[in-house]
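Please look at the sequence and the model before reading the points below.

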Amino acid sequence: MALLLSLVLGSLSGVQLVGGDHRCKGRVEVRYGGQWGTVCDDGWDMNDVTVLCRELGCGPAKVTITGTLFGPVTPKDQKVLLQMVGCDGTEESLSQCEADDDVFNCRHDEDAGAECEFLEIVRLAGGPTHCQGRVEVKFGRDWSSVCKAGWSFAATKVVCRQLGCGRAILTRRCCNKATQGQGDIWLRKALCSGQEVRLEDCLSEVWDHNCTHNEDTWVECEDPFDLRLVGGESRCAGRLEVLHKGEWGSVCDDSWRQAADQVVCRQLGCGEPVSLPVRRRFGRGHGRIWLDEVKCSGSEQSLEQCPHRLWGYHDCDHQEDVTVVCKGQSWGGWVGMGGGAGRGLPLGVSPALPQQ
């Protein structure tokens, strides 16, 4: 039975394309009921892709393709959440389209995919990764450098966010001859608050300047943030690890509270955390301890938004590694959660956890 998502699936709260070589291409995933899941390709057509591309702020729809072309492989415990999506192509988001959330006989080999035009308007050039480099903006068909005098750290925050990188680290004037720009210098000044999603969302003004390429803007963002739970029986339970500078490392439990568990479970699409004042060990981590003194309010969309000490600074050992268990995961008579030292508790003393 087709139902209006905006009325019935009110908790549809996110859309993304996963596994492509840019954010406008990949397997379609939606966030519904606190978890990320895929969309069945039954009924999926170019009208649906058109709406998806519009919602993501990408260019025009190019093609509808199978989601199985994009890795990593969909986890077995991730659900197919929607089927028979029926947009007419005029909607602003998938939440305004008709769809069926009672998915029947649709497996992950039928996941929907999509590709939109990728409208690149800002990039970081000349750096070691796409998250570090000289700021360049696109005007028409040409790329221009940006003068540091017309740039702010708030604009850097927006660029880091737009490029899918981590938090903004620094903005400085550059460059030596090997890394400075060669073409035009942008004739506008970006007036960002730092909260915008894209640089084009910022106000700007015409700016006459006499800058040279010795005053080009250099920006550095943290690497793209990622996290995982390891050592458990599913991706929704285990020892917490975060990715930084291409290396996975543990998180120390100093100042860790259930609010931080909520952020982790939400970010992984695993529902709510188990609300018991104990935790189960999932083995000690090895190598780096990346984060300490993580203090979340519980409202953050990503753990990286929670205040914490500088990356790599801590006074912990791996006996204090954070572990997290989200609802839907049972542990053969034991359950647990991250935050503080504790002992395992028999499942029989608490209501059984719902399976997802």
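How many nonpolar, polar and charged residues does the lining of the second largest pocket have? By class, this lining has four nonpolar, three polar and six charged residues. Here Ala, Val, Leu, Ile, Met, Phe, Trp, Tyr, Cys and Pro count as nonpolar, Asp, Glu, Lys and Arg as charged, and the others, Gly among them, as polar. The model is predicted: local features need pLDDT of at least 70, side-chain atom pairs count only at pLDDT 80 or more, and totals for chains, interfaces and linings use all residues. Residues are numbered from 1 along each chain as its sequence is written, and side-chain values use heavy atoms, with hydrogens and water left out.

**The second largest pocket**

- The second largest pocket is lined by 13 residues, and Ile169, Glu222, His244, Lys245 and Trp311 lie nearest its centre.
- A pocket is an open set of points on a 1 Å grid over the protein atoms alone, where a 1.4 Å probe fits, with protein on both sides within 12 Å along at least five of seven lines; lining residues have an atom within 4 Å of a point.
- Domain 2 (122–221) and domain 3 (226–325) each contribute at least three residues to the lining of the second largest pocket, with domain bounds taken from an automatic or database domain assignment.

**Aromatic rings**

- Two aromatic pairs are counted, a pair being rings of Phe, Tyr or Trp (its six-membered ring) with centres within 6.5 Å; planes under 30 degrees apart count as stacked, over 60 as edge-to-face and the rest as tilted.
- The ring centres of Trp290 and Trp311 are 6.1 Å apart and their planes stand at 75°, so this pair is edge-to-face.
- Trp290 belongs to strand S19 (residues 289–291) and Trp311 to the loop between S19 and strand S20 (323–325), so the pair links distant parts of the chain, 21 residues apart; strands (E, at least two residues) are DSSP runs, numbered from the N terminus.
- Trp290 is buried at a relative accessible area of 4%, and Trp311 is buried at 13%.
- Buried means under 20% relative accessible area, exposed over 50%, and partly exposed in between (1.4 Å probe, protein chains only).
- One aromatic cluster is formed by Phe225, Trp290 and Trp311.

**Positive phi values**

- Asn105, a residue other than glycine, has a positive phi near 55°.
- Asn105 lies in the loop between strand S7 (98–100) and strand S8 (112–116), and at 62% relative accessibility Asn105 counts as exposed.
- Glu293 is not a glycine either, yet has a positive phi of about 55°.
- Glu293 is placed in the loop between S19 and S20, and counts as partly exposed at 25% relative accessibility.

Technical notes:
Helix = DSSP H or I, 4+ residues; strand = E, 2+ residues; numbered from the N terminus.
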